Amino acid sequence: QVQLTESGGGWVQAGGSLRLSCSASRRFYTSAVVAWFRQAPGKEREFVALIRSFSRTTYADSVKDRFTISGGPGTNTVFLQMNSLKPEDTAVYYCAHSSSYGLDPRTYNNWGPGTQVTVSS
């Protein structure tokens, strides 16, 4: 099973930017679906963005036009460029991998340990 490791989290002021990386122990298959989820304290894990074959992307409405996912299938890294960050973006961000498309965390059986993103107002 591919091992996933996130990096790039940290502290930033509102309006700032961060770039998260998800490094895999091997190349993702071209048919793979690679996603970012996030989980804030006391809340359920929620979908952020995914990328799949032919660089097709899907975003949560809350991050659309602010976040950009890239890389993924056929490579060993997925990036999440986060711009115009808001305090409500504060969460642990997780990279996840699946052979199936889905926005539900239960679709994914392979997860990284997560990286903390904190946005101050």
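A polar contact here is a pair of N or O atoms within 3.5 Å; within protein, one atom must be able to donate a hydrogen and the other to accept it, and residues adjacent in sequence count only if both atoms are side-chain atoms. This is a predicted model, in which local features need pLDDT of at least 70 and side-chain atom pairs count only at pLDDT 80 or more, while totals for chains, interfaces and linings use all residues. Residues are numbered from 1 along each chain as its sequence is written, and side-chain values use heavy atoms, with hydrogens and water left out.

**View 1. Ser98 and its polar contact with Thr107.**
The side chain of Ser98 reaches the backbone oxygen of Thr107 at 3.0 Å. Ser98 is part of strand β9; helices (H or I, at least four residues) and strands (E, at least two) are DSSP runs, numbered from the N terminus. With a relative accessibility of 5%, Ser98 counts as buried, where buried means under 20% relative accessible area, exposed over 50% and partly exposed in between (1.4 Å probe, protein chains only). Not counting residues up to four places away in sequence, Ser98 touches Ala32, Val33, Thr107 and Tyr108; contact means heavy atoms within 4.5 Å.

Tyr93 is found in strand β9 and is buried, with a relative accessible area of 0%. Its side chain makes a polar contact with the side chain of Arg38 at 2.9 Å. Leaving aside neighbours within four places in sequence, the contacts of Tyr93 include Glu6, Leu20, Trp36, Phe37, Val48, Phe67, Gly114 and Val117. Tyr93 and Arg45 are 48 residues apart in sequence, and their C-alpha atoms are 9.2 Å apart in space.

**View 2. The largest nonpolar core.**
A nonpolar core is a set of buried Ala, Val, Leu, Ile, Met, Phe, Trp, Tyr and Cys residues joined through side-chain atoms within 4.5 Å. The largest one has 36 residues, of which Trp36, Leu80, Met82 and Tyr93 touch the most other members. Two or more residues of this core come from each of β3 (18-24), β4 (33-39), β5, β7, β8, β9 and β11 (115-120). In soluble globular proteins, nonpolar side chains tend to be buried together.

**View 3. Aromatic pairs at Trp111.**
Rings of Phe, Tyr and Trp (its six-membered ring) pair if their centres lie within 6.5 Å; planes under 30 degrees apart count as stacked, over 60 as edge-to-face and the rest as tilted. The structure holds five aromatic pairs. Phe37 and Trp111 form a tilted pair, 5.1 Å centre to centre with 55 degrees between the planes. Phe37 lies in strand β4 and Trp111 in strand β10 (residues 110-111), so this pair ties together parts that are 74 residues apart in sequence. Phe37 counts as buried at 0% relative accessibility, whereas Trp111 counts as partly exposed at 25%. Tyr94 and Trp111 form an edge-to-face pair, 6.3 Å centre to centre with 80 degrees between the planes. Because Tyr94 lies in strand β9 and Trp111 in strand β10, the pair ties together parts 17 residues apart in sequence. Tyr94 is buried, with a relative accessible area of 13%. One aromatic cluster is formed by Phe37, Phe47, Tyr94, Tyr108 and Trp111.

**View 4. The open four-stranded sheet.**
Four strands form an open sheet in the order β1-β3-β8-β7, with antiparallel pairing. The edge strands, β1 (4-7) and β7 (67-71), each pair on one side only; two strands pair if DSSP finds at least two bridges between them. Four bridges join β1 to β3, and Leu4 stands opposite Ala24 in β3.

Most residues other than glycine have a negative phi. Phe54, not a glycine, has a positive phi of about 60 degrees. Phe54 lies in the loop between β5 (46-52) and β6 (56-59) and counts as exposed at 77% relative accessibility. Ser84, also not a glycine, has a positive phi of about 50 degrees. Ser84 is placed in the loop between β8 and β9 (91-98) and counts as partly exposed at 42% relative accessibility.
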